[in-house]
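Please keep the sequence and the structure in view while reading.

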Amino acid sequence: MKLQRKNRLRATALGALAVSGALVLTACGSDDNTESTTSGDKTAAASSIKCDDAKGQVLAAGSSAQKNAMDLWVKNFQQACAGVEINYQPIGSGGGITKFTQGQVAFAGSDSALKPEEVTASEEVCKGGKGINLPMVGGPVAIGFNVPGVDSLVLDAQTLAKIFDSKIKKWDDKAIAGLNPDAKLPSTAIQAFHRSDESGTTQNLNKYLKAAAPAEWNYDDSSKSWEAKGGQAASGSSGVASSVKDTEGAIGYFELSYATASNLTTVKVDTGAGAPVEATTENASKAIAAAKVKGTGNDMALELDYATKAEGAYPIILVTYEIACDKGNKAETLPSVKAFLNYTVSDEGQKVLSEAGYAPLPTEIAAKVREIVPTLS
């Protein structure tokens with residue numbers, strides 16, 4: 001019995017080491033999934049990352065929502081592919097699209113699909129082609145709060161809309177109290193934080209509030225800029241999360257990974273389902289799985305259901321796209337862009353997302369993107 005127990009413990013330890021190694025040790029290899037072999041106390045990991053002809057520097061910019069995912073991807077890809085550098089600047093979706101349509105970056109990250117006028121602008125850069133939307137990262141937009149003495153909070157769309165529109169000003173407001181009968185809510189003033197930069201995260205929150213609380217939210221849900229009254233602004237998701245953490249009575253919105261990194265408690269959303277829904281990658285995946293492709297051809301722009309009442313589906317969601325030319329990419333960066341995007345949408349690339357607070361793409365959507373990336377020219 002002791003020997004069996006010892007063997008089981010040893011197997012468990014080696015298994016954990018293999019999983020850890022698969023995330024950080026990469027080398028150009030085959031199309032097979034990551035495999036590990038053990039010899040004595042050593043664990044070797046083989047990666048499915050294919051470098052192909054990737055080389056040189058690739059400039060990219062955009063969504064700060066996907067920064068933490070991009071950091072992981074870049075680290076793993078560059079470890080596998082010597083001689084290539086992916087330089088991604090998390091300047092916000094609006095800034096990324098502007099740089100892309102001006103030809104300053106090889107691809108852009110955006111938390112919302114290109115608008116028709118942005119597609120038209122991209123044709124000047126994508127000679128003979130146009131910019132297309134490639135879904136790559138999914139996840140919840142978490143609503144983080146800092147209210148001393150309150151470690152659990154439920155809000156619905158109507159109440160969130162009034163909070164962010166400065167119509168509810170105190171934490172013990174009757175609307176909040178009605179949703180949280182067991183909470184000891186203070187009379188502290190609400191300090192609502194929003195993004196100062198153009199942001200797809202802002203746009204997705206706008207879309208949720210417009211869809212789920214249309215009577216309370218009278219702002220343009222296509223805008224990446226914050227239009228509601230009052231509140232305080234901070235730059236990027238990291239800036240909003242930091243401000244909420246440092247300010248008593250604060251509330252703000254950002255991707256789940258930023259809430260986790262800042263150790264912030266997040267709001268459970270009352271969608272009208274049987275129970276309030278927590279902001280988790282699993283719950284976001286349930287909502288994203290219902291998305292429909294509204295793009296045509298190789299464009300994979302998605303239509304999300306922000307007003308979902310499905311059990312366990314977290315409604316404040318976003319999908320971050322990588323924006324690239326379908327045709328007319330620069331010859332010097334095209335091999336690296338394709339190799340990198342082939343990795344990010346691969347099984348291996350998607351698997352690392354959950355650990356970073358993101359939701360992997362639904363299987364069918366990921367499969368379609370995997371077919372499109374190799375056709376970029």
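## Thr-201 and its surroundings

Leaving aside residues up to four places away in sequence, Thr-201 touches Ala-65, Asp-111, Val-141, Arg-195, Ser-237, Tyr-253, Glu-255 and Leu-318, where contact means heavy atoms within 4.5 Å. Thr-201 belongs to helix 7 and is buried, with a relative accessible area of 1%. Buried means under 20% relative accessible area, exposed means over 50%, and partly exposed lies in between (1.4 Å probe, protein chains only).

The model is predicted: local features need pLDDT of at least 70 and side-chain atom pairs count only at pLDDT 80 or more, whereas totals for chains, interfaces and linings use all residues. Residues are numbered from 1 along each chain as its sequence is written, and side-chain values use heavy atoms, with hydrogens and water left out.

Two packed helices are described by the angle between their axes and the distance between the axes. Helices (H or I, at least four residues) and strands (E, at least two) are DSSP runs, numbered from the N terminus. Axes are lines fitted to C-alpha atoms, for helices over the stretch in contact, and angles run from 0 to 180 degrees between N-to-C directions.

Helix 5 (residues 157-164) packs against helix 7 (residues 200-212) at about 125 degrees, and the axes are 9 Å apart. The two helices are therefore oblique to each other; angles under 35 degrees count as roughly parallel, over 145 as roughly antiparallel, 65 to 115 as roughly perpendicular and the rest as oblique. On the helix 5 side, the contact is made by Ala-157, Gln-158, Leu-160, Ala-161 and Phe-164, and on the helix 7 side by Leu-205, Tyr-208, Leu-209 and Ala-212. Of these residues, 8 are nonpolar, 1 is polar and none is charged. Here Ala, Val, Leu, Ile, Met, Phe, Trp, Tyr, Cys and Pro count as nonpolar, Asp, Glu, Lys and Arg as charged, and the others, Gly among them, as polar.

Helix 5 is mostly covered, with 6 of its 8 residues buried. These are Ala-157, Thr-159, Leu-160, Ala-161, Ile-163 and Phe-164. After helix 5 comes Ser-166, which has a positive phi near 60 degrees.

How many of the 11 residues of helix 11 are buried? In helix 11 (residues 334-344), 8 of the 11 residues are buried, so this helix is largely enclosed by the rest of the structure. The buried residues are Leu-334, Ser-336, Val-337, Ala-339, Phe-340, Leu-341, Tyr-343 and Thr-344.

The axes of helix 2 (residues 67-80) and helix 11 cross at roughly 115 degrees and come within 10 Å. Met-70, Trp-73, Val-74, Asn-76 and Phe-77 of helix 2 meet Ser-336, Ala-339, Phe-340, Tyr-343 and Thr-344 of helix 11. By class, this contact has 7 nonpolar, 3 polar and no charged residues.

## Asn-283 and the whole chain

Asn-283 lies in helix 10 (residues 281-288). Asn-283 is buried, with a relative accessible area of 12%. Beyond residues up to four places away in sequence, Asn-283 touches Val-277, Glu-278, Gly-312, Ala-313 and Tyr-314.

The protein chain has 13 helices and 15 strands. Of its 377 residues, 51% are buried. Among contacts between residues at least 6 apart in sequence, 72% join residues at least 24 apart.
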